[in-house]
Amino acid sequence: MRKLILFILLIFMPFGAFASDQPEVSRRLDLSPEAIERGKAAFMAHCMACHGLKYAGIQPAMDAATAQASFGVVPPDLSLMASARGKGTEGAIYIYRLLTTYYVDEKGQVKNLAFKEETQGDGTIAMPQPIASDDPQLQEKAMDIAAYLHRTADPYEVGRVRIGKYVIAYMVILTAFLFALNRITWKNVKKPKE
Ligand code: HEC
């Protein structure tokens with residue numbers, strides 16, 4: 001029995017290691033259905049003019065040629081952006097920071113701190129500030145949009161985690177069962193004959 005417990009503990013060791021680097025960031029990101037709904041609405045109001053979400057069937061209001069002429073670059077599709085900019089919830093947190101770290105430098109130029117760190121450039125960004133700094137709901141909207149884009153980048157995350165729990169439970173029970181079966185099967189064979 002002690003061997004069995006040890007065995008099960010050993011199986012779970014790697015899961016402990018995975019779990020430890022997540023909670024820090026995800027605690028700050030509200031992934032409740034309400035937050036994601038709010039994020040979707042805020043996305044439609046503040047981002048859809050320029051960005052599409054092609055895997056969610058959302059086209060940008062502005063066509064690529066007009067955007068290219070206006071900003072010098074076509075605004076990227078944001079479907080997978082949250083996954084592209086970091087693992088776990090890091091990409092979503094980056095999007096939150098991108099929306100909340102616009103600043104004006106000493107020469108009066110509009111720049112972005114998160115973009116500066118990401119591109120290791122001087123902070124110059126072709127995207128005009130989408131949500132004004134004096135919008136009293138800037139932080140909340142940015143966080144909700146980040147949550148929404150986290151979900152569009154990985155829509156099956158919720159189901160995967162839920163099913164994953166059952167799979168792990170199933171494997172633990174199966175392991176215990178097979179261990180017991182193995183012992184019963186070999187019980188008489190292994191016994192030294194005197
Ligand atoms: C007026 C047009 C416009 C609006 C509105 C807009 N964006 Fe952008 N966005 C751009 C352009 C242009 C770029 C390309 C920036 C660059 O590469 O310098 C961009 C780039 C981005 C990027 C990629 C940054 C990176 O790391 O490469 C993200 C993420 C993004 N936008 C999110 C948003 C979100 C979220 C909103 C809504 C809150 C939004 N944008 C609203 C024009 C827009």
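**Reading a Predicted Protein Model**

Student: Which element gives the most to the shell around the ligand?

Tutor: Helix α6 gives the most to that shell, with three residues. Helices (DSSP runs of H or I, at least four residues) and strands (runs of E, at least two) are numbered from the N terminus. The model is predicted: local features need pLDDT of at least 70 and side-chain atom pairs count only at pLDDT 80 or more, while totals for chains, interfaces and linings use all residues. Residues are numbered from 1 along each chain as its sequence is written.

Student: How many residues surround the ligand, and which are the closest?

Tutor: A residue is near a molecule if its C-beta atom, placed from the backbone, lies within 6 Å of it. Here 24 residues surround the ligand, and the closest are C47, C50, A126, M127 and P130. Two or more residues of the shell come from each of α6 and α7 (113–119). By type, the shell divides into 20 nonpolar, two polar and two charged residues. Nonpolar covers Ala, Val, Leu, Ile, Met, Phe, Trp, Tyr, Cys and Pro; charged covers Asp, Glu, Lys and Arg; the others, Gly among them, are polar.

Student: What is the overall order of elements in the protein chain?

Tutor: The chain has nine helices and two strands. From the N terminus on, the elements run α-α-α-α-α-α-β-β-α-α-α.

Student: How does one describe the packing of two helices, and at what angle do α6 and α8 cross?

Tutor: Two packed helices are described by the angle between their axes and the distance between the axes. Axes are lines fitted to C-alpha atoms, for helices over the stretch in contact, and angles run from 0 to 180 degrees between N-to-C directions. The axes of α6 (residues 90–100) and α8 (residues 138–153) come within 8 Å and cross at roughly 145 degrees. Residues are in contact if their C-beta atoms, placed from the backbone, lie within 7 Å. Among the residues that make this contact are I93, Y96 and L99 of α6, and A142, M143 and L149 of α8. The contact residues divide into 13 nonpolar, four polar and no charged.

Student: Is α8 largely enclosed or open, and why?

Tutor: A residue is buried if 20 or more other C-beta atoms lie within 10 Å of its own, exposed if 12 or fewer, and partly exposed in between; C-beta atoms are placed from the backbone. Because 13 of the 16 residues of α8 are buried, this helix is largely enclosed by the rest of the structure. Of the 194 residues of the protein chain, 22% count as buried. In helix α3, the buried residues are R38, G39, K40, A42 and F43, and what covers them includes α8.

Student: Why does Q120 count as exposed?

Tutor: Q120 counts as exposed because it has 6 C-beta neighbours inside 10 Å. Q120 is placed in the loop between α7 and α8. Although Q120 is not a glycine, its phi is positive, at about 50 degrees.

Student: Where does I5 lie, and how far apart in space are I5 and A176?

Tutor: I5 lies in helix α1 (residues 2–20). I5 and A176 are 171 residues apart in sequence but 9.2 Å apart in space, C-alpha to C-alpha. I5 counts as exposed, because it has 10 C-beta neighbours inside 10 Å.

Note on methods: Two residues are in contact if their C-beta atoms, placed from the backbone, lie within 7 Å.
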